[in-house]
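I opened this notebook to record, entry by entry, what I looked up in the structure.

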Amino acid sequence: MRIVVDPDLCQGHGVCQDEAPAVFTVPKRGTVQITDPTPGDAQRHAVEAAIRYCPTRALSIADDESSAKGTD
Ligand code: SF4
């Protein structure tokens, strides 16, 4: 999976960092930085929670069809 962020929507609330600290870093001022833009399936649960709870819906997953299978 690949994570997509819309920087225009992100308001730096940091919810995503709370849910998936291995993937998202949110500075005190500013918007989210994705430390791991293509995390493995082990992170999927946390990433999905981050996406669900992001108050501005700035995050989404883009599943890359060609690499979605057999990457384990
Ligand atoms: S939870 Fe959403 S708005 Fe908050 S820092 Fe993460 S991406 Fe930005």
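**Entry 1, the ligand.** I am working from a predicted model, and I began with the ligand, around which I find 17 residues, the closest being Cys10, His13, Val15, Cys16 and Cys54. When I sorted this shell by residue class, I noted eleven nonpolar and six polar residues, and no charged ones.

**Entry 2, the fold.** I then went through the secondary structure and listed two helices and four strands, which follow one another from the N terminus in the order β-α-β-β-α-β. Turning to contacts with a separation of 6 or more, I noted that 57% of them join residues 24 or more positions apart. For burial, I recorded that 21% of the 72 residues in the protein are buried.

I next asked myself which residues of the largest nonpolar core touch the most other members.

I located Gln43 in the loop between strand E3 (33-34) and helix H2 (44-53). Is Gln43 buried, exposed or partly exposed? I count Gln43 as partly exposed because it has 17 C-beta neighbours inside 10 Å, a number that falls between the limit of 12 or fewer for exposed and that of 20 or more for buried. Apart from residues up to four places away in sequence, Gln43 touches Ala20, Ala22 and Val23. I also checked Gln43 against Met1, and although 42 residues separate the two along the chain, their C-alpha atoms are 9.8 Å apart.

My last stop was Arg57, which I placed in the loop between H2 and strand E4 (59-62). Arg57 counts as exposed because it has 11 C-beta neighbours inside 10 Å, and the limit for that class is 12 or fewer. What I marked in the backbone is that Arg57, although not a glycine, has a positive phi of about 60°. I set beside this the general rule that most residues other than glycine have a negative phi.

Definitions and conventions
Residues numbered from 1 in each chain as written. Predicted model: local features only at pLDDT ≥ 70, side-chain atom pairs only at ≥ 80, totals over all residues. Near = placed C-beta within 6 Å. Nonpolar A, V, L, I, M, F, W, Y, C, P; charged D, E, K, R; others polar. Contact = placed C-beta atoms within 7 Å. Core = buried A, V, L, I, M, F, W, Y, C linked by C-beta atoms within 7 Å.
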